Amino acid sequence: MIITAKQLIALSPIFILVLTVVIIMLLIAYDRDHFFTFLCSITGLTFTLLSLYIIRKDIPIDITVLFHIDKYSLLYISMIVLSSIFSCIFSYSYLKKILYNCEEYYLLLLFSTIGCISLIIANHMSIIFIGMELISLPALGLIAYAYFKKNSLEAAFKYMILSGAVSVLALFGIALIYSITGSLTLSSVIYELVTSISSPDNILLCGLGLVILAFSFKLSMFPFHIWTPDVYNGTISIVLTYLSTATKIAVFSLFFKIFIFLTSFNVEFFRTSLEAILCLSIIFGNFMAFFQTSIKRFLGYSSISQFGYFSVSLLSSNDFHFSLEVVGVCLIGYLLSSIGIFGLISIVSSLNNESKSDSITFYRGLFWSNPIFSSIMTIMLLSLSGIPMTIGFIGKFYILSLIVKENFWFLGIIFLIGSIIGMYSYLKIITCLYLKPLDSNSEMIHLNSSHRNHIIFLFIISLIVLLLGVYPNIVIDIASTSEPILFNIIS
């Protein structure tokens with residue numbers, strides 16, 4: 001097996017991140033320096049982002065049978081890397097308060113980023129499994145990073161047990177798929193389904209079902225969401241910035257690439273199961289979010305409903321290219337809004353007692369002491385709820401267009417009910433920002449110079465959220481041209 005220079009260059013995002021990890025490990029062994037480790041991480045991630053521009057001329061490209069890189073991969077890798085960069089930036093101030101081992105935080109983040117990229121470019125079931133584990137194991141370390149905080153170890157323990165159980169089921173599903181196809185490449189699995197379209201093999205369907213179960217767990221979809229509220233509640237805010245965006249976007253991009261074709265084969269079992277999962281995710285996530293008093297738990301339940309909405313794109317059987325646009329626009333909007341809201345919560349947590357600042361009532365009257373901060377938070381919440389003039393609205397509008405185009409009338413009713421409940425939940429928090437402040441909240445946020453820089457970043461992101469809500473053509477063009485090569489097999 002000979003690997004060409006083009007193939008090596010195409011793998012440069014992973015090579016750069018691995019080199020960054022090695023350099024940071026050597027730095028830690030020689031002399032611990034938090035600022036230099038932070039700088040090295042940001043530099044490595046920035047070079048990774050720049051390398052995507054270089055390799056765009058050589059795609060689509062296969063690297064052995066294990067990896068495949070195309071425009072679709074580049075879009076989602078760039079989203080993952082941006083999420084990692086902002087997670088590092090927001091984490092720096094918080095980690096300065098931790099006296100020991102703050103450098104290892106960046107190592108865990110980079111390892112998990114490598115796992116996300118591996119998952120996106122995977123063309124083989126073995127790489128999918130390794131990528132998912134490479135995401136989960138560092139994520140476990142990140143969840144338990146503030147082990148001295150209340151609920152942190154409990155959250156890590158729950159995640160470890162459930163994630164381990166799901167990994168076993170995923171591995172069993174992959175073994176069942178191999179027993180029928182004799183190969184683990186994605187194209188072979190799809191080809192087997194195409195050739196057995198009239199009567200697909202039950203063992204193959206059972207294997208695919210177990211892999212879907214593993215994906216649903218990673219995306220916190222009902223009824224595999226049980227870990228989400230507790231893990232969100234026990235995890236420090238800086239970790240949630242990464243956990244709620246990069247890992248979920250990586251898993252959903254692969255989920256979409258592999259499983260969109262299942263509904264086109266009229267495999268009723270998958271269609272019915274997927275419809276039930278996404279309907280319950282939308283209703284349950286929005287309904288439970290309404291009753292939360294902790295902002296982290298609220299966003300945890302909100303993420304359940306968000307990925308329920310996004311999964312509507314998997315049910316399309318007539319126009320895959322439109323589904324591709326829907327997913328791209330929705331995930332870009334979700335990335336920007338989530339970075340914004342979790343970035344703000346990270347700043348508040350680093351300035352105050354974290355358990356106290358988790359309460360929604362802590363944000364009451366924020367507008368009267370810090371109008372810019374509360375304005376940014378309002379824009380991000382409006383975008384997540386799908387209010388017009390934000391990128392979140394464009395994403396929801398695209399989902400509704402898909403529902404009408406495909407005549408999914410029952411899903412349309414669920415979409416409207418879920419959106420109304422969700423909108424009321426988000427408006428409840430927004431209203432809280434503008435109420436008369438409690439006496440204890442009047443002096444809660446004093447920004448220092450580094451936090452002012454973070455606010456500038458978040459202010460720019462909020463402007464982008466508004467700009468894309470008014471002029472979404474940029475995002476739509478990017479999403480529509482990022483077609484995965486596997487679409488050719490379906491067509």
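Helices here are DSSP runs of H or I, at least four residues long, numbered from the N terminus. The model is predicted.

**View 1. Thr228 sits in helix 10.** Helix 10 covers residues 228-234, and Thr228 is part of this helix. The relative accessible area of Thr228 is 0%. Buried means under 20%, so Thr228 is buried. Leaving aside residues up to four places away in sequence, Thr228 touches Ser220, Gly300, Ser303 and Ile304.

**View 2. Arg32 and Glu103 form a salt bridge.** Their side chains meet at 2.8 Å, N to O. Arg32 lies in the loop between helix 2 (12-30) and helix 3 (34-55), and Glu103 in helix 5 (residues 103-121), so the pair ties together parts that are 71 residues apart in sequence. The two partners can be told apart by their cover. Arg32 is partly exposed, at 37% relative accessible area. Glu103 is buried, at 4%.

**View 3. Glu275 and Arg271 pair within helix 12.** Helix 12 spans residues 268-290 and holds both residues. Glu275 and Arg271 are four residues apart, about one turn of the helix. Their side chains meet in a salt bridge of 3.8 Å, N to O. Glu275 has a relative accessible area of 27% and is partly exposed. Arg271 has 13% relative accessibility, so this residue counts as buried.

**View 4. Lys296 and Asp358 form a salt bridge.** The N to O distance between the side chains is 3.5 Å. Lys296 belongs to helix 13 (residues 295-310), while Asp358 lies in the loop between helix 15 (354-357) and helix 16 (366-369), so the pair ties together parts that are 62 residues apart in sequence. Lys296 and Asp358 are both buried. A further group can be shown beside this pair.

View 5. The patch is about 950 Å². Its residues are Ile372, Met389, Phe459, Leu463, Leu466, Leu467, Val470, Tyr471, Ile474 and Ile478. Which helix gives the largest share of the patch? Helix 20 does, with five residues. Helix 20 (449-470) and helix 21 (473-480) each supply at least two residues. Tyr471 lies in the loop between these two helices. Tyr471 has 47% relative accessibility, so this residue counts as partly exposed.

**View 6. The whole chain gives the setting for the close-ups.** The chain has 22 helices and two strands. Its radius of gyration is 22 Å, close to the 23 Å that the globule rule gives for 491 residues, so the chain is as compact as a globular protein of that length. Taken along the principal axes, the C-alpha atoms fill a box of roughly 70 × 60 × 40 Å. Of the 491 residues, 61% count as buried. Among contacts with a separation of 6 or more, 82% are between residues 24 or more positions apart. The accessible surface comes to about 19,100 Å². Carbon and sulfur atoms hold 71% of this surface.

Key
Residues numbered from 1 in each chain as written. Predicted model: local features only at pLDDT ≥ 70, side-chain atom pairs only at ≥ 80, totals over all residues. Heavy atoms only, no water. Buried < 20%, exposed > 50% of the residue type's maximum accessible area, 1.4 Å probe, protein only. Contact = heavy atoms within 4.5 Å. Patch = residues over 30% accessible without salt bridge, like charges linked within 9 Å, V, L, I, M, F, W, Y side chains within 5 Å. Areas by Shrake-Rupley, 256 points an atom, 1.4 Å probe, with all protein chains shown as cover. Salt bridge = Lys/Arg side-chain N within 4 Å of Asp/Glu carboxyl O. Rg over C-alpha atoms; globule rule 2.2 N^0.38 Å.
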